[in-house]
Amino acid sequence: MNYQKIAEMVHGLVKAPRSMSVQEPGSPWREIKNHEFTIVQTVFSKYEVSGGAALAVGVRPQSFWG
Amino acid sequence: MNFPLDEAISIEIKEFLLRAHLSPEILQIINSSLNADSKPGELFKWAHLTLLSCECVSGVYEPALPAAIAMELFALAADIFDDIQDQDNDELPWRKIPEANALNLATCLLMLSYEAVSTIPHSGLFRAVSQLLNRAGICASDGQYQEFLYDRREKVSPEQYFEVVKKKSGSLTACACKIGAILGGASDELVLQLGQLGTNLGIMSQIRNDLNDFLRFEEKSDFMNHKKTLPYVYLLSVLKGETADRFKHLTQIEGKGPHKLGREERDSLKQIVLDEGVVHYCTVMCEIFRQDSMEIIKAIPVLEKRKGMMIKIVEQSV
């Protein structure tokens, strides 16, 4: 998994949401695996559907194994 | 969680501690520390994970009971060491006693966990479980050590972050799953698969905690201590230009004197978090590990009903 590339892709999408909707052969995101690319798209579309509500940074209960 | 099983674990631990002939004082602090940071209905989570792994493989949990107790005590010791190092979670019982005695308590719990493992009757299984527990402890300590070194570094890459988190947070959850699987008689391949599932559980929890704690300035000092949490590492790796300078300035405030960020700086950091996709990135990474966990559960040769229990644990970790 290329963590750095995923970070760059997420940041790019946050700044320009319509800029990287497809994974083309020559794109800078070719190192990201297909299923990872799909996950990024899914997360962004969920946030879009919720009108950005999910972006609110609130305190959730501590995680199960934390 | 399973309340009759909670009761069985509780009785087993009580009897085990009685056999250890501890002083009433240390026994009392051990009893008040067990489950001190658990929510109602989520008691003995480390024991449960070990037992579930065994049950998935063999259909019964009993062979893993001694190791489940060991995991519970081992994880509690690790929590105590962690809180002392981080000077965190002041409300917990081990933070309310003198630090020297908190260290004694954690050391005692570590030794007790090995004592619990030594009650595994089969010598081959005893060796295998001991080795797994040792390796998990070594791995977690190595991860913790590396994490402290990273606190002093200006830049840590997402790759380096995940390497450390896998060691620090993934090794104990992986250990619980592997131990349960071994005691249930799993094949080597199944032990590895369940170990990977356990690693993912630890990583997902760490991502969630990192995101949760990043802006909790009053209770947590992660940001001021330059702790390279995932939001911090993400921002370091993607920000450029003026925003990068603004973030760098915020990270350097402590060095200039004030202990805490002022309101203006807090708002500025919160704005960066919102504008630059910190929540998106943490959610994406969590989702990648969640989906990998689901693929593992789908692939393992385990009864559907027990797969359902594993899926529930994955969902609790996200």
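**Figure 1. Packing of helices α3 and α4 in chain B.** In this predicted model, helix α3 (residues 45-58) and helix α4 (residues 65-86) of chain B pack with their axes 7 Å apart and at an angle of about 145 degrees. The crossing that α3(B) makes with α4(B) is right-handed. On the α3(B) side the contact is formed by W46(B), A47(B), T50(B) and L51(B), which meet A67(B), A68(B), I69(B), M71(B), E72(B) and A75(B) of α4(B). Sorted by class, the residues in this contact of α3(B) with α4(B) are 8 nonpolar, 1 polar and 1 charged.

**Figure 2. Crossing of helices α10 and α13 in chain B.** Two packed helices are described by the angle between their axes and the distance between the axes. For α10(B) and α13(B), the axes come within 10 Å and cross at roughly 115 degrees, and the two helices are therefore roughly perpendicular to each other. The crossing in which α10(B) passes α13(B) is right-handed. From α10(B), the residues that make the contact are L230(B), P231(B), Y234(B) and L235(B), while α13(B) supplies V278(B), Y281(B), C282(B) and M285(B). By class, this contact of α10(B) with α13(B) has 8 nonpolar residues, with no polar and no charged residues.

Figure 3. Y232(B) is a residue of helix α10 of chain B. With 21 other C-beta atoms within 10 Å, Y232(B) is buried, because a residue counts as buried when 20 or more such atoms lie within that distance. When residues up to four places away in sequence are not counted, Y232(B) touches F223(B) and K227(B). F289(B) stands 57 residues apart from Y232(B) along the chain, and the C-alpha atoms of these two residues are separated by 20 Å.

**Figure 4. Buried residues of helix α7 in chain B.** Within α7(B), the buried residues are P158(B), Y161(B), F162(B), V164(B), V165(B), K167(B) and K168(B). The buried residues of this helix pack against elements of both chains, namely α1 (3-15) of chain A and, in chain B, α6 (123-151), α8 (170-183), α9 and α10.

**Figure 5. The side of chain B that touches chain A.** Across the interface, 32 residues of chain B are in contact with 24 residues of chain A. On the chain B side, the elements that give two or more residues are α7 (158-168), α9 (188-214), α10 (230-238), α12 (263-275), α13 (278-299) and α14 (304-317). Of these, α13(B) gives the most, with 8 residues. By class, the side of chain B that touches chain A comprises 12 nonpolar, 13 polar and 7 charged residues.

**Figure 6. Chain B as the setting for the close-up views.** Chain B has 14 helices and 0 strands. The radius of gyration of chain B is 21 Å, close to the 20 Å that the globule rule gives for 318 residues, so chain B is as compact as a globular protein of that length. The C-alpha trace of chain B spans about 65 × 50 × 30 Å along its principal axes, and buried residues make up 44% of the 318 residues in the chain. Among contacts in chain B between residues at least 6 apart in sequence, 72% join residues that are at least 24 apart.

Conventions: Residues are numbered from 1 along each chain as its sequence is written. Chains are lettered from A and ligands numbered from 1 in the order in which they are written. This is a predicted model: local features need pLDDT of at least 70, side-chain atom pairs count only at pLDDT 80 or more; totals for chains, interfaces and linings use all residues. Two residues are in contact if their C-beta atoms, placed from the backbone, lie within 7 Å. Helices (H or I, at least four residues) and strands (E, at least two) are DSSP runs, numbered from the N terminus. Ala, Val, Leu, Ile, Met, Phe, Trp, Tyr, Cys and Pro count as nonpolar, Asp, Glu, Lys and Arg as charged, and the others, Gly among them, as polar. Axes are lines fitted to C-alpha atoms, for helices over the stretch in contact, and angles run from 0 to 180 degrees between N-to-C directions. Angles under 35 degrees count as roughly parallel, over 145 as roughly antiparallel, 65 to 115 as roughly perpendicular and the rest as oblique. A crossing is left-handed if the near helix is turned anticlockwise from the far one by less than a right angle, and right-handed if clockwise. The radius of gyration is taken over C-alpha atoms; the globule rule is 2.2 Å times the number of residues to the power 0.38. A residue is buried if 20 or more other C-beta atoms lie within 10 Å of its own, exposed if 12 or fewer, and partly exposed in between; C-beta atoms are placed from the backbone.
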